[in-house]
Amino acid sequence: MAKVYDVPSDVLIKRLAEILKNEDIPAPTWIPFVKTGAHADKPPQERDWWYTRCASIMRKIYFHGPIGINELRKDYGGGKPSGYGAAHHKDAGGAIIRNAIQGLEKLGYLEKVEKKGRIISKHGMQKLDRLATEILKELIVENPQLKVYT
C-alpha cells in the first residue's frame, strides 16, 4: 500500500478536494468574500478554493501532526510588501483554518491532542493512504518505472 509520501502533492490535493466536495463538510457563507490573509491583495479566484484548502490542511497535518492553528497560519501566510523595503511575513487568516479543521473533525478525519494541536485520525489516515494507492496505480500505468514505490 502506498503512502501519501509516494505521490505528488498537487495530484493528491486536487483529488482529495473533489472527494471533500461530495462529503458533508460545510463551507462558511462568507467564503466568496474573504481574503486568505493580510498578505493577500484579493480573494482567491478559484471557486472551490475552500475544499482545496481543506485538503491541503489535511495533508499538512498528516505530515507534521500534532500541529496547531498558529503554526498552520504561519505556513499559509506570505510576504506583504512594505513600502520600498523588503516584504514582511504576515500570517494567514485564522478563521479559515479553524473552520476547515472543525469541519474535518466532524467528519472524523482529525483528532485533537490536548495542548499540542491536531493529528490525523485512523479513519483519515486510511482515506489518504487509499487515495495515494489509487493515484500511484494510475501513475504506474503512465510511467512503469514508478512500480518501485509499490
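Which residue in β4 does E111 stand opposite? In this predicted model, the residue facing E111 is I119 in β4. The two strands concerned, β3 with residues 110–113 and β4 with residues 117–120, run antiparallel and are joined by four bridges. Together β3 and β4 form a hairpin with three residues between them, and within that turn K115 has a positive phi of about 65°.

**Overall layout**

The chain has five helices and four strands, which follow one another along the sequence in the pattern α-α-α-β-β-α-β-β-α. Its C-alpha atoms fill a box of roughly 50 × 35 × 30 Å when taken along the principal axes. Of the 150 residues in the chain, 39% are buried, and among contacts with a separation of 6 or more, 62% are between residues 24 or more positions apart.

**The nonpolar core**

The largest nonpolar core has 39 residues, and those with the most contacts inside it are L20, I57, L72, I97 and I101. Each of the helices α1, α2, α3, α4 and α5 supplies at least two residues of this core, with α2 giving the most, namely nine residues.

**Packing of α1 and α5**

The axes of α1 and α5 lie 10 Å apart, and the two helices pack at an angle of about 120°. Because angles of 65 to 115 degrees count as roughly perpendicular and those over 145 as roughly antiparallel, this value makes α1 oblique to α5. The crossing in which α1 passes α5 is right-handed. The residues through which these helices meet are set out below.

| Helix | Residues at the contact |
|---|---|
| α1 | V11, L12, R15, L16, I19 |
| α5 | K127, L128, L131, A132, E134, I135, E138 |

**H39 in its loop**

H39 is found in the loop between α1, residues 9–22, and α2, residues 49–64. Is H39 buried or exposed? H39 has a relative accessible area of 18%, and since buried means under 20%, H39 counts as buried. Leaving aside its neighbours within four places in sequence, H39 is in contact with Y76, G77, G78, G79 and K80, and also with K90, D91 and A92.

Conventions:
Residues are numbered from 1 along each chain as its sequence is written. This is a predicted model: local features need pLDDT of at least 70, side-chain atom pairs count only at pLDDT 80 or more; totals for chains, interfaces and linings use all residues. Side-chain values use heavy atoms; hydrogens and water are left out. Two strands pair if DSSP finds at least two bridges between them. Buried means under 20% relative accessible area, exposed over 50%, partly exposed in between (1.4 Å probe, protein chains only). Contact means heavy atoms within 4.5 Å. A nonpolar core is a set of buried Ala, Val, Leu, Ile, Met, Phe, Trp, Tyr and Cys residues joined through side-chain atoms within 4.5 Å. Axes are lines fitted to C-alpha atoms, for helices over the stretch in contact, and angles run from 0 to 180 degrees between N-to-C directions. Angles under 35 degrees count as roughly parallel, over 145 as roughly antiparallel, 65 to 115 as roughly perpendicular and the rest as oblique. A crossing is left-handed if the near helix is turned anticlockwise from the far one by less than a right angle, and right-handed if clockwise.
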